[in-house]
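Please keep the sequence and the model in view while reading.

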Amino acid sequence: MRNRKNKSSFGVLLIMLLVVGAGLYVYFSSMFERNAPVVSLQNNGYWNLRKPLKLTLNDDSGIKSYKVIARTTSGDTELLYNQLLVPQKSINLELKAPRGSYAIKDKNMQIIVQAQDISKWNFLKGNIAQKSYKLIIDKKRPQVNIVNNSYKISRGGAALVIFNAEDEHLNDLYIESNHNKHFKAEPFYKKGYYIALIAWPVEDETFRATVVATDDAGNVTKSYVPLYLKNRKYKLSNITLSDKFLKGKIAQLAEVFNETQGVDAPLEQFKIINEDVRAKNEKLIQKITSVVPQKMLENFTMKRMYPLKDAQVVAHFGDHRKYYYHGKFISQAYHLGIDMASHAMAPIKTQNSGTVAFADDNGLYGNNLIISHGLGLYTLYGHCSSFDVSVGDKVHPREKIANTGKTGYAMGDHLHFGTLVQGIEVRPQEWMDKQWIKLNIDDIIKSAKKIIAGK
Ligand SMILES: [Zn+2]
């Protein structure tokens, strides 16, 4: 009796173990996984119906079938349907617009994605994922029209461009140069209009500018800026390095720069200063002068610049300097400003209002002052002996801002004066020329405003 009871309870226990075991197997086996496929459609809420959308399906056990439907007011269109013979854990698909959909007038489209896996879960039915995406249909490219621009641009110089750009979902707007520089544009005068200064870098042999407008749906419009290109020859100077210079100024500078610590050979010191230190200093200048305001610009005027009164120009913009020692080429650099000298510690004045963007030591430039005049135009003052202003200060026409000096890489007391457009050094001579400013800035703005107001 006792023995029989033991036997039957052993049987019950065995059955219970089997049930629990089967349960655990179903629960933990990949055959019975309970995670629905993960559906993801790469999108930002817009579709231009031209560019295929990337769709990925992922599942732990494997996908057995999927279906994609496009739903508009005119009904459903099947975009994709597939029953896989061999289930796949990861599927990458491209969604192309339904045939004939280019003619649809709908502003919205719903994309419905269904995917089913091979899991035996759900009474062998598997896990089903359904995901729906609402997309705004935008097939229209942005509209771009050049309103007015400077007639010509010189190598090393600047030009002004005023244009109109419109799109319901405008996303990005810039002027691209042939060297992949993106110039930012500033809203101008009336809604939909933009203004930008552009620059042809002195080192580049040719120049081309194109207004590029993109919208959220990825539609792109490019409009070429018609500019007459004036190539300018810049001076090439072959300079012989003297021992006096290397052991004097260079040795002095080598003591203060981190880059030349532990370097004793004068020629090596010179090379590091002329290349590495210069590149670092110019990079900082470029960063500071690349900022372009984004508020609506009503007007932009510039008075002729002459930062130093009764000064002599002692070195020009764009001089290509090649340095030699005993006939051997050592290093080279471009002089990206003009050097002006009058007397020691002469007062430097600005002729235009602006905001001080930088007032600090900057390596070769010594005490370096940079003023922002708006529209991405900056003036730079190097080798100063002292400043009258500091960062953030507003400056006004005829205000004294600094005194000349010989800080940094300077032989005698002088002002290194630079003008920059969106981080690019341009010819200061243009901004020091009343006629150039009239033709390229004032007249362009005046007639553009007439065109815009007359529309
Ligand atoms: Zn200079």
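Over how many bridges do strand E10 and strand E14 pair, and in which sense? The model that answers this is a predicted one. Strand E10 (residues 170-177) and strand E14 (residues 209-215) are joined over seven bridges, in the antiparallel sense.

## The sheet with E10 and E14

These two strands belong to an open sheet of four strands, ordered E11-E10-E14-E15 and paired antiparallel. Strand E11 (182-184) and strand E15 (220-224) each have a single partner strand, so they stand at the edges and one side of each has no neighbour in the sheet. On average, neighbouring strands of the sheet are turned by 30° against each other, direction ignored.

Ser-177 has Ala-209 in E14 as its bridge partner.

E12 is joined to strand E13 (residues 193-199) by two bridges, and the two strands run antiparallel. Opposite Pro-187 stands Tyr-194, a residue of E13.

Is Ala-448 buried or exposed? Its relative accessibility is 0%, and therefore Ala-448 counts as buried. Leaving aside residues up to four places away in sequence, Ala-448 touches Val-147, Asn-148 and Ile-162. Ala-448 and Asp-243 lie 205 residues apart in sequence, and their C-alpha atoms are 57 Å apart in space.

## The zinc site

Which residues coordinate the zinc ion? The donor atoms are NE2 of His-335, two OD atoms of Asp-339 and ND1 of His-416, at 1.9 to 2.8 Å. In sequence, the donor residues follow the spacing H-x3-D-x76-H. The two histidines link distant parts of the chain: His-335 is in strand E20 (residues 328-335) and His-416 is in strand E29 (residues 415-421), 81 residues apart. Both His-335 and His-416 are buried.

Why is the arrangement around the zinc ion irregular? The four donor atoms subtend angles of 52 to 154°, whereas a tetrahedral arrangement needs all angles between 85 and 135 degrees. The ideal angle for four tetrahedral donors is 109.5 degrees.

Conventions. Residues are numbered from 1 along each chain as its sequence is written. This is a predicted model: local features need pLDDT of at least 70, side-chain atom pairs count only at pLDDT 80 or more; totals for chains, interfaces and linings use all residues. Side-chain values use heavy atoms; hydrogens and water are left out. Donors are N, O and S atoms within 2.8 Å of the metal (3.2 Å for Na, K and Ca); water is not among the atoms, so sites may look incomplete. Four donors count as tetrahedral if all angles lie between 85 and 135 degrees; four count as square planar and six as octahedral if opposite donors are over 155 degrees apart and all others between 65 and 115; anything else is irregular. Buried means under 20% relative accessible area, exposed over 50%, partly exposed in between (1.4 Å probe, protein chains only). Contact means heavy atoms within 4.5 Å. Two strands pair if DSSP finds at least two bridges between them. Axes are lines fitted to C-alpha atoms, for helices over the stretch in contact, and angles run from 0 to 180 degrees between N-to-C directions.
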